2 protein chains.
Amino acid sequence: MAESLGNVSLTISIDAMGGDYGPDVTIPASLACLKNNPELELILVGDEAVLAPRLTGALLTYRGRIVIQHASQCVGMDESPSKALKNKKDSSMRVAINLVRDGRADACVSAGNTGALMATARFVLKMIPGIDRPAIISTLPSIYGHTHALDLGANVDCSAEHLFQFAVMGAELVKAVEHIDNPKVGLLNIGEEDVKGNEQVKAAAKLLENSSLNYIGYVEGDSLTAGHVKVDLIVADGFVGNVALKSIEGAAKMIGTGLKDAFGKNLLAQLAGLIAYPVLKSFKDRIDPRRYNGASFLGLRGLVIKSHGGADVLAFKTAIQLAVCEVEQDVIRKISEQVEKSLALRESA
Amino acid sequence: MAESLGNVSLTISIDAMGGDYGPDVTIPASLACLKNNPELELILVGDEAVLAPRLTGALLTYRGRIVIQHASQCVGMDESPSKALKNKKDSSMRVAINLVRDGRADACVSAGNTGALMATARFVLKMIPGIDRPAIISTLPSIYGHTHALDLGANVDCSAEHLFQFAVMGAELVKAVEHIDNPKVGLLNIGEEDVKGNEQVKAAAKLLENSSLNYIGYVEGDSLTAGHVKVDLIVADGFVGNVALKSIEGAAKMIGTGLKDAFGKNLLAQLAGLIAYPVLKSFKDRIDPRRYNGASFLGLRGLVIKSHGGADVLAFKTAIQLAVCEVEQDVIRKISEQVEKSLALRESA
């Protein structure tokens with residue numbers, strides 16, 4: 001863990017200016033996390049003139065557990081990754097990631113634009129040796145609890161080897177955060193039969209079959225949320241994974257909107273809705289996307305958590321908590337060791 | 001329309017043995033359609049020894065509007081397309097498609113295995129000149145009503161040209177069945193910005209921008225069901241399209257299961273469920289996958305509708321009705337003419 005600011009032992013850097021709402025969301029979420037987790041220290045990165053006035057009370061309340069790190073620039077939500085990398089060397093995003101590189105923070109959380117965050121993280125932190133490309137992993141609610149899936153959009157074209165590397169990294173993360181020994185790994189495809197799929201997926205299946213992973217075979221899109229068997233980790237290239245994720249989000253929105261409309265149709269329906277409200281609410285809370293906010297960038301030599309750009313306080317809090325969990329579980333070290341082992345295993349084969 | 005059996009004018013061949021339930025589903029669904037549509041004639045294809053005893057009454061009731069065409073073989077639901085093509089020349093599937101080729105039926109409906117149906121249809125019917133590959137198109141419920149999407153799984157790798165051809169065919173189908181002049185066409189991608197996507201998608205976008213189609217740009221997975229603007233047709237390669245479709249099905253199942261569990265949790269929840277039932281049911285009916293059953297194979301010189309293998313009577317009926325609609329709207333002729341026009345336009349450019 002990072003060198004401590006005080007006598008506590010877990011430090012997260014927060015890109016306080018990132019996301020659609022910037023400090024309006026990042027500050028209250030940060031303070032809520034500090035309150036809930038006495039071991040946590042936060043470095044809020046951004047324009048000191050903006051952040052300091054909002055933190056006068058907190059700097060006293062959480063003395064030593066919260067500090068402001070000034071950064072003079074912001075990366076726009078639509079800014080191109082290459083421009084952000086080139087022109088925004090003092091952005092809140094970049095400085096927050098620098099803190100991870102320098103060992104001053106154990107992880108960084110940002111709701112900034114995904115492309116810029118990924119490009120900056122990759123440039124600053126570098127890749128784990130043996131991993132060619134970073135991947136984005138996140139969690140989806142499922143009938144079995146939840147499913148982890150990667151890559152959710154970092155890579156538009158992936159070779160079989162890339163997919164294999166994603167599986168190795170993802171399985172290690174799932175082991176660590178779910179406390180299970182041998183997570184079931186499925187490969188996303190358009191059918192479960194051997195003949196199905198494109199060349200990359202077929203070749204990746206061979207690599208996975210010959211690995212030490214608990215590979216269960218091809219799974220289809222429905223397995224992300226409601227397959228006929230439980231899968232702990234689903235591996236896909238970033239194009240397919242991202243489309244699947246967004247498709248699920250859309251379906252949930254469509255059903256939510258539809259139910260709302262149906263219960264608003266007339267007085268009788270409204271009454272029924274009122275009576276059913278607590279039940280509907282409890283279920284809605286379970287699959288609330290804010291409870292699943294936070295995607296981890298895997299493959300880098302440091303921990304970066306990407307929050308949804310439109311995250312509210314609850315959602316951003318979830319992302320910070322995810323960072324805390326992954327730091328506590330020492331995910332980066334475990335992944336690095338596992339990647340090394342996998343490589344050694346393959347070289348000896 | 002096909003040469004008439006009697007004095008009515010629309011004939012569909014039914015692969016009566018196909019699907020998980022065969023004649024148990026195909027026969028009652030066929031009879032229901034005959035009852036609803038006095039212009040309809042059906043040719044039920046399959047083992048006469050199995051079909052005839054179940055149709056004695058119907059052959060009288062719908063005299064001249066229903067006939068049995070014997071076929072001695074069945075294609076298994078897991079049979080490989082190449083084996084079906086080679087060894088099952090007298091299958092109910094093959095004979096039903098032959099009837100379309102021979103002009104005896106205007107369209108064919110089968111719940112048989114997708115791969116075999118596609119391979120057989122392509123072999124028997126041949127492609128529309130100018131189209132390289134067939135694609136599967138279907139309809140999904142959306143907050144705007146519904147969305148058409150293709151390719152849903154016929155092609156695992158698609159070039160930009162293929163995606164463009166899918167768009168031309170799909171738009172023509174949407175025009176015909178939705179009675180709209182200029183359907184909005186979106187290209188499925190992992191972001192709406194120009195820089196997003198793989199090479200094929202970027203190149204397809206260029207082709208679409210320079211076409212006469214009402215191309216609105218990139219759309220993300222959520223646009224299939226709940227995008228921020230209405231899209232009439234969404235184009236994707238078959239791998240991505242299929243994963244998206246199954247992901248949406250899974251999400252709907254997960255939410256359905258979750259709601260059922262929530263309303264079953266305790267007596268109070270059960271009571272609330274009872275009161276909310278009519279509202280929940282009306283909404284469930286609207287997005288009932290059985291009401292969206294039936295995918296069309298586009299690009300062939302004849303109309304083939306694929307029903308879900310696990311279709312029940314209501315679902316299979318929907319697939320037959322889709323066939324009727326597309327025959328009435330003369331979809332194949334319209335697509336062929338449009339493809340010819342598009343080719344001519346490009347050659348003159």
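What follows is a working chat about a predicted model with chains A and B.

Visitor: Which domains does the assignment give for chain A?
Guide: Domain 1 covers 1–131 + 299–330, and domain 2 covers 132–291, according to the domain assignment.

Visitor: What separates their centres?
Guide: The centres of domain 1 and domain 2 of chain A are 26 Å apart, taken over C-alpha atoms. Their contact takes 15 residues from domain 1 and 13 residues from domain 2.

Visitor: Which elements sit on the domain 1 side of that contact?
Guide: Two or more residues each come from α5 (114–125) and α11 (313–328) of chain A. The most come from α11(A), with five residues.

Visitor: And what is that side made of, by class?
Guide: On the side of domain 1 of chain A that touches domain 2, there are seven nonpolar, four polar and four charged residues.

Visitor: Staying with α11(A), how does α1 of chain A cross it?
Guide: The axes of α1 (residues 23–36) and α11(A) come within 8 Å, crossing at roughly 55 degrees. The two helices are therefore oblique to each other. Their crossing is right-handed.

Visitor: Which residues meet there?
Guide: From α1(A), they are A:Val25, A:Thr26, A:Pro28, A:Ala29, A:Ser30, A:Ala32 and A:Cys33. From α11(A), they are A:Val313, A:Phe316, A:Lys317, A:Ile320 and A:Gln321. By class, that contact of α1(A) with α11(A) divides into eight nonpolar, three polar and one charged.

Visitor: Now the sheet. How many strands, and in what order?
Guide: The open sheet in chain A has 11 strands, ordered β3-β2-β1-β4-β11-β10-β5-β6-β9-β7-β8. The pairing is mixed.

Visitor: Which strands stand at the edges?
Guide: Those are β3 (66–70) and β8 (214–219) of chain A. Each has a single partner strand, so one side of each is left without a neighbour in the sheet.

Visitor: How many degrees are neighbouring strands turned against each other?
Guide: On average 25 degrees, direction ignored.

Visitor: Take β5 and β6 of chain A. Parallel or antiparallel?
Guide: Antiparallel: β5 (residues 135–142) and β6 (residues 145–150) of chain A are joined by six bridges. One pairing to look at is A:Ser138, whose bridge partner in β6(A) is A:Ala149.

Visitor: Where does α9(A) run relative to α9 of chain B?
Guide: The axes of α9(A) (residues 238–264) and α9(B) (residues 267–287) come within 9 Å and cross at roughly 135 degrees. That angle makes α9(A) oblique to α9(B). The crossing is right-handed.

Visitor: Which residues make that contact?
Guide: A:Gly258, A:Leu259, A:Ala262 and A:Phe263 of α9(A) make it with B:Val279, B:Ser282, B:Phe283, B:Arg286 and B:Ile287 of α9(B).

Visitor: And the classes in that contact of α9(A) with α9(B)?
Guide: There are six nonpolar, two polar and one charged residues in the contact of α9(A) with α9(B).

Notes. Residues numbered from 1 in each chain as written. Chains lettered and ligands numbered in written order. Predicted model: local features only at pLDDT ≥ 70, side-chain atom pairs only at ≥ 80, totals over all residues. Axes fitted to C-alpha atoms, helices over the stretch in contact; angles between N-to-C directions. Helix = DSSP H or I, 4+ residues; strand = E, 2+ residues; numbered from the N terminus. Parallel < 35°, antiparallel > 145°, perpendicular 65-115°, else oblique. Left-handed = near helix turned anticlockwise from the far one by under 90°. Contact = placed C-beta atoms within 7 Å. Nonpolar A, V, L, I, M, F, W, Y, C, P; charged D, E, K, R; others polar. Pairing = 2+ DSSP bridges. Domains from an automatic or database assignment.
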